[in-house]
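Please look through the sequence and the structure below before reading on.

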Amino acid sequence: MKVYIEDLKFQTIIGILDFERTTLQELIVNLTLEYNYQDEFINYADVSEHIKKSLQTQKFLLIEDALLSLQNSLKKEFNKINTLDLKITKPSIMPDCKVSVALFKDFNS
């Protein structure tokens with residue numbers, strides 16, 4: 001089974017610039033996870049809440065560090081995950097574009 005969470009939007013502190021350390025900014029998270037469904041399912045509402053809570057409480061400097069931390073915490077919290085495709089977007093940091101960083105992890109390899 002695949003679970004898709006698309007365009008999860010919320011406000012948080014993330015970034016290395018001075019104003020990013022004091023001003024909330026919007027993040028958009030997109031996730032696809034794959035797992036073997038057999039009697040137990042992965043609740044997408046729980047996954048969404050986990051993502052928001054993690055990114056809002058840890059206040060990362062870099063999107064890259066946030067992705068790696070989420071990769072680890074999602075696998076720990078939802079151990080049935082086989083693959084994880086995760087992207088974090090900062091839609092307002094640049095005036096003429098959105099910027100994103102993404103990762104893919106296959107926990108079976």
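Which strands does helix H1 lie across? Helix H1 (residues 44-58) lies across S1, S2 and strand S3 (81-94), and runs at about 35 degrees to S1; helices (H or I, at least four residues) and strands (E, at least two) are DSSP runs, numbered from the N terminus, while angles run from 0 to 180 degrees between the N-to-C directions of axes, which are lines fitted to C-alpha atoms, for helices over the stretch in contact. Helix H2 (residues 63-77) packs on the sheet as well, touching S2, S3 and S4, and its direction makes about 150 degrees with that of S3.

This is a predicted model, in which local features need pLDDT of at least 70 and side-chain atom pairs count only at pLDDT 80 or more, whereas totals for chains, interfaces and linings use all residues. Residues are numbered from 1 along each chain as its sequence is written, and side-chain values use heavy atoms, with hydrogens and water left out.

The sheet is open, with four strands in the order S1-S2-S3-S4 and antiparallel pairing, where two strands pair if DSSP finds at least two bridges between them. Strand S1 (2-12) and strand S4 (97-106) are the edge strands, each pairing on one side only. S1 is joined to strand S2 (residues 25-35) by nine bridges, and Lys9 stands opposite Ile28 in S2.

Leaving aside neighbours within four places in sequence, Val47 is in contact (heavy atoms within 4.5 Å) with residues including Ile5, Leu31, Leu33 and Leu74.
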